[in-house]
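Please keep the view open while reading them.

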Amino acid sequence: MVAVTVTRRPPRLGVALVALSAAVGAAALGLASPAAGGLGAAGVAFVAVGTLVGSRRTLGTGAATLVAGVLLAGVLAAAGPGPLLVGGLAAALSWDLGEHALGLGEQLGRETDATRNVATHAAGSVAVGAVAAAVSFGVYSAAAGGQPVVALVFLLVGAIALVSAVR
Amino acid sequence: MSGRGSDSRASSDGSTGANGRNVDPLNPIRPRGVVPTGRWTGMAALALVPVGLGVLLRHPPLVLVGALGVAFAAYARGDAAPDLDVTIERDLSDPTPDPGDEVTVTLRVRNDGDGVLPDLRLVDGVPAALATGAPARLGTALRPGRTATLTYRVTAVRGAHDWDPVHVLARNPSGSRERDARIDAGGTTTLRCTPELEASASLPLRGLTTVYSGRVPTDVGGAGIEFHSTREYRHGDPAKRVNWARYARTGELSTLAFREERAATVVVCIDAREGAYLAPDAESPNAVERSVEAASQAVPALLDSGDRVGVAAFAPGDCRLDPGVGDEHAARARKLLATHPALAPTPTDERFLPTTWVRRFRRWLPADAQVLFCTPLPDDYAATVARRLDAYGHAVTVISPDATADDTPGHRLAGVERANRVSRLRSAGIRVLDWGEEPLATELERAAARWSR
């Protein structure tokens, strides 16, 4: 009679995906501004450690650091839409994939085969993020002919209202 | 059997925290039905920060980052909970294995619904006694009509083991809502592991017997093998028992008497209280397992020698088998020892009143019955029961599997306490077989040489 031993740690594939997405985001931020890149690198470290040891708090800190890096790049270096979108997407994905992997680790453990689960979830989140980034970038490019920022914001508010109405 | 996740949503109170901490693996009390996971909480608020900064600094790309956050928030908000319509089938490679056999368990889960299940987590309800290191868990995604398979191995131990319903968690693609359900699996859900009864070395019994002839030598003179006494010839004594040698020498007729060998009634009583589930370490079988092993060696040995054998468990629940003889009785005893819930390899949490049990046991016990008490002697009460039964005239023999360890001071103290109980029982005239590491047959052999009749 051996006690059940489940290692309550996220599956390795999840950890790898999270680290990859965070690293891509940090690299994009680094291209735009070295200071933001440094903040992003700290975020990558936090995110990787958080998923490895299974700490939501550390993971959240890492994602928030990545967001801070994005804001820094936007505010100080006035970075273009490309790096900012990639950085923002990376921050959102690291939180989403990391939290998902953490949940899998808590409920199923590291020994359990959850490859399909992780891959499906990652594909869904990446698709949603990519489409959202592409659409907003498209709208931005089309409307960038000297329109004021407030116009973009109103466009965003309109989109939110539309989504709420459909829901 | 098909199960649909119950929609009855329990009160989702404080357990659904804001940052998705409602999933606590150590806390089995979770709300059933649809539960918001809260993992996207705060996303919309966070998305407003870059939008605000973008407006303030007149830097449009920051607004785009905000749009991205809003998109994720909308994704989480608009995502409906998945419809859980799955069929689960369980299959055992051998539903009636021998103890120690490896059994492969195959769990097939099919998505009977119309929608994709993007995030499906299964935890099989493995019986506590069969739980092994290998996880009986699966995380997968299932398209409609597809089947996922989970295979794991368990090692069979004695008993009838029922699988609990499968714990199924299904999340929507964004993971914002999850459905929690327990689904009964079809197919085999019981593993029956019935060890063979194997007679070991013959069991030395004490001198309390019935009127039937058997194997236990008594102090009564009569027909038999071992010399007992001689006495004057009385008319009608059988000619073959006349002491012809003496007649030739002196011319007087005398009769030889031999020890009469009679059959005994033996009740094998197994201590299976919660406190008797003791083992020196995690890998060793617990004392109840060893007691049952001793009983399943003693029962056939006694039946073979013509004794009447009954079985009882010093445990909650009525686990009693009236003394009897014959093959059918042996089969009944085997089934009871293997699968009775009171003798399960893991303790039950039923309430147990030992004093009431002893009273009822005495009422049930035939007057001429010996008691073979299998107990690890975990407390003074077990010793008291043995002494009390012995005092009531039921010759008691204690077979005590040693479940003590000597790795910590506390364990050593428990070992000393048990040794004291053993010596107190022995000084009260009760036979105690202190069963250590060696096989029971060896210990019995050694004890039989020591014990007087």
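The numbered points below go through sheets, helices, aromatic rings and one arginine.

1. Basis of the note. This is a predicted model, in which local features need pLDDT of at least 70 and side-chain atom pairs count only at pLDDT 80 or more, while totals for chains, interfaces and linings use all residues. Residues are numbered from 1 along each chain as its sequence is written, chains are lettered from A and ligands numbered from 1 in the order in which they are written, and side-chain values use heavy atoms, with hydrogens and water left out.

2. The six-stranded sheet of chain B. The strand order in this open sheet is β17-β16-β15-β18-β19-β20, with mixed pairing; two strands pair if DSSP finds at least two bridges between them, and helices (H or I, at least four residues) and strands (E, at least two) are DSSP runs, numbered from the N terminus. At the edges stand β17 (320-324) and β20 (431-435) of chain B, each with a single partner strand, so one side of each is left without a neighbour in the sheet. From one strand to the next the twist averages 15°. Strands β15 (residues 265-271) and β16 (residues 308-314) of chain B run parallel and are joined by seven bridges, with B:Val268 opposite B:Val311 in β16(B).

3. A helix on that sheet. Helix α4 (residues 287-304) of chain B packs on the sheet, touching β15, β16, β17, β18 (369-374), β19 (396-401) and β20 of chain B, and its direction makes about 170° with that of β15(B). Contact here means heavy atoms within 4.5 Å, and angles run from 0 to 180 degrees between N-to-C directions of axes fitted to C-alpha atoms, for helices over the stretch in contact.

4. The five-stranded sheet of chain B. A second open sheet has the order β2-β10-β9-β5-β6 (chain B) and antiparallel pairing. Its edges are β2 (33-36) and β6 (137-142) of chain B, each with a single partner strand, so one side of each is left without a neighbour in the sheet. β2(B) pairs with β10 (residues 177-183) of chain B over four bridges in the antiparallel sense, and B:Val34 has B:Arg179 as its bridge partner in β10(B). Helix α4 (residues 81-107) of chain A lies across β5 (117-125), β6, β9 (164-171) and β10 of chain B, running at about 15° to β5(B).

5. Aromatic rings. Rings of Phe, Tyr and Trp (its six-membered ring) pair if their centres lie within 6.5 Å, and planes under 30 degrees apart count as stacked, over 60 as edge-to-face and the rest as tilted. B:Phe314 and B:Phe352 form an edge-to-face pair, 5.5 Å centre to centre with 70° between the planes. B:Phe314 lies in strand β16 of chain B and B:Phe352 in the loop between α5 (327-339) and α6 (354-364) of chain B, so the pair ties together parts that are 38 residues apart in sequence. B:Phe314 is buried, at a relative accessible area of 0%, where buried means under 20% relative accessible area, exposed over 50% and partly exposed in between (1.4 Å probe, protein chains only).

6. An arginine in a helix. B:Arg418 is found in helix α8 of chain B and, at 4% relative accessibility, counts as buried. Not counting residues up to four places away in sequence, B:Arg418 touches several residues, including B:Asp402 and B:Asp434.
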